[in-house]
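I opened my notebook to look a few things up and jot them down as I went.

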Amino acid sequence: MDVISDLGTGFAAIMDPALLLMLVLGVLVGSIVGVLPGVGPVGAMALLLPLSFALDPGAGLILIAGIYLGAQYGGSTSSILLGVPGEASSVVTTLDGHPMARNGRAGVALAISAIGSFVAGTLGVLLLMVIAKPLSSFAAQFAPPEYLALALFALLVLSRLAGGSIFSTFAAVGLGLMLATIGLDSTTGAARFTLGNADLLQGVEVTAVAVGVFGIAEVLLLAEESSSAATRVARVPFRSMIPTRTDLRRATPAIFRGSLLGFGFGLIPGPSAVVSTYASYFLEKRLSKHKDEFGKGAIEGVAGPESANNGAAGGSMVPLLILGLPFNAPTALLIAGFTIHGVIPGPLFIDNEPVLFWTLIAGLFAANVVLLVFNLPLVGLFTSLLRVPKDLLLALIVVVAILGTYGTRGRPVDVFWLLVMGILGYLMVKIGISRIAFILAFVMGPLLESSLKQTIVLARGDAGYLLGRPISMVVIVITVIVLTLPIVVRRIAARRNATSPLDMEIDAT
Amino acid sequence: MTDTTTPEDRLPAADPPAGWHAGPGVQLAVDLTLLALGAGYLVLAVQLGFWDEDRPGAGFYPVLVGTLLLVCLVGDMIRRKATAGTERSPRRTTRLPWRIVIVLASVLAYLVLVPVVGHLIITMLIVTALVMSFSRRPWWQVVIAAVGTAVGTDLLFGELLGVRLDDGWFGIGFGSWM
């Protein structure tokens, strides 16, 4: 009953017209940017994050969360209509979503995608709400050694999932950690790597890094494309969006499976939204009675992955809000927004800021409803965004990126960092170094450093100190299992010289 | 038979990015720059002090980070050398598109010129440069886009969100007029 009354408090808070306005504005702006191919949720959040800084914490966080969910929703539109994924987690949606559009079923694909996203988003918040309090009580026992083990877990597991070689991923981690050490050392007060420049004493601003590495770098990638003309997009009347009974019967189980699968992946460090869509697609293909339709417009191929990436968004909120650890790039940006508003997510967040926490939860529920409303009757409005000429769009994005970064602290040095990080982000894409690993390491750097130093002091020379603490030992064991299991399994499989039927299906795909 | 692959193993390998391709020269330049950066960082980290009586000093963690960075950079260079020729070749040009230079120059121009000419003027200039480099629009459309973006962003960021935008030496901006 406590949970219900707490949630009631949250809903009462978001009835405030200013909060409601921010909620609607956040999901609208997020959807608009998410629809545009190439920008994606992380780029959208990075570009729009500074808009929230002038607001009070409740409104600011609601706005950021709305942008996150909106951008996640919007990514599917260009995948289905153009066959061009709006972002990485919508790549799988193109496999069946675009063939559905070519078969004249774009409306149904968009509707199922919106419904799946709504169910997954709502289910994700529901699960978050249920496990938040017990998990927070458990996480309150965490001390620096546990945080050290968790930070190492996140960075090591990320190296498995980020793609590319382990060396290049850890080079990105090293760069992110390095950048985070510039400025005053929080424990000794020593100025580090400032080269006598007073502007660097406060360190490198996370907004400049995020907007540069994701926002400006995305603009540079879009700038490479030769065509600046607006895209021709078919109109999607509302009537064409009504699914048949067969559509619903086939899509519903896929939506629920995708939602739960996505939520589970959201709890794991790394690009959970992307990985969960592939996992969901292959699961649906394996379970489906219509395997031959996959790749040609199977509705399960849209329903499962689109639910999974939104479920992952909900799942990734758990480590963020309960442990204060961002496990993927969007939550790294969310934590940046939290920090700028003076809010520290973690085990004490619910106890210290109950109204804010439940306002955020209620806001997430409401955002999903608003998104469903936007994405069903107003889908025509969003598809028309795909017709905006690229030259005007890019010019606007560049100006907003500069102003958003400059506006954070009003210091020109941040625009300098924006430029440097934009070049770095672009080169990272070209050379194949993970930007996700870089930004996560940058955001988690201070936590890793402080927990490492405190653990060393607490250990007093005891090399087995971490393993002597039950929680940190469990985290370390899980880390070792996650890192070694795939290698062991692959070796066993290679020894048996076995190829599973699923692998053959994938090869065929 | 059991399915032995994990979902991440099943991710299709990404295509080499389209557009400009970082050729071997650029790759080497980036590697050497990062190595120099890592080495310089490590030297400064060592000077900060590794250990301070009974606890880690200010340079303890940076020394670990710098070492990690250098080891990984060298490891990645060796790995790439070993796999050279087996990786997929890029799909497009090795020439850097000039539009990328214009985008970067716009950010630099804003940084350098905003204290002189103010937000409104520099924004109009960079929007003009960007729009003209991306398309061939009639001059009046470019002017509308430039003025609209400059005024719109000034009103949004300066007036609505309270960001202090620079009006430059000549005081051109809504902040100084209102």
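**Entry 1: an aspartate in a loop.** I started with A:Asp16 and found it in the loop of chain A between α1 (2-14) and α2 (17-35). I kept in mind that this is a predicted model. Is A:Asp16 buried or exposed, or partly exposed? I noted a relative accessible area of 35% for A:Asp16. A residue counts as buried under 20% and as exposed over 50%, so I wrote A:Asp16 down as partly exposed. I then checked A:Asp16 against A:Arg249: the two are 233 residues apart in sequence, and their C-alpha atoms lie 39 Å apart in space.

**Entry 2: chain B by itself.** Next I turned to chain B, where I found five helices and two strands. Reading from the N terminus, I wrote the order of elements as α-β-β-α-α-α-α. Chain B has 178 residues, and 40% of them are buried. I also looked at its contacts between residues at least 6 apart in sequence, and 57% of these join residues at least 24 apart. For the accessible surface of chain B I noted about 9,900 Å², with 68% of that belonging to carbon and sulfur atoms.

**Entry 3: where the two chains meet.** How many residues of chain A are in contact with chain B? I have 79 from chain A, in contact with 73 residues of chain B. The size of an interface is often given as the accessible area lost when the parts come together, so I looked that up as well. Between chain A and chain B, about 6,600 Å² is buried, and carbon and sulfur atoms give 79% of it. On the chain A side, A:Met178, A:Phe193 and A:Leu403 supply 10% of the area buried against chain B, more than any other three residues.

Entry 4: I went looking for salt bridges between chain A and chain B, and the count is one. Which side chains form it? I found B:Arg137 and A:Asp391, with 2.5 Å from N to O.

Definitions and conventions: Residues are numbered from 1 along each chain as its sequence is written. Chains are lettered from A and ligands numbered from 1 in the order in which they are written. This is a predicted model: local features need pLDDT of at least 70, side-chain atom pairs count only at pLDDT 80 or more; totals for chains, interfaces and linings use all residues. Side-chain values use heavy atoms; hydrogens and water are left out. Helices (H or I, at least four residues) and strands (E, at least two) are DSSP runs, numbered from the N terminus. Buried means under 20% relative accessible area, exposed over 50%, partly exposed in between (1.4 Å probe, protein chains only). Contact means heavy atoms within 4.5 Å. Accessible areas come from the Shrake-Rupley method with a 1.4 Å probe; for residues, only the protein chains shown count as cover. Buried area is the accessible area (1.4 Å probe) that two parts lose on being put together, summed over both. A salt bridge is a side-chain nitrogen of Lys or Arg within 4 Å of a carboxyl oxygen of Asp or Glu.
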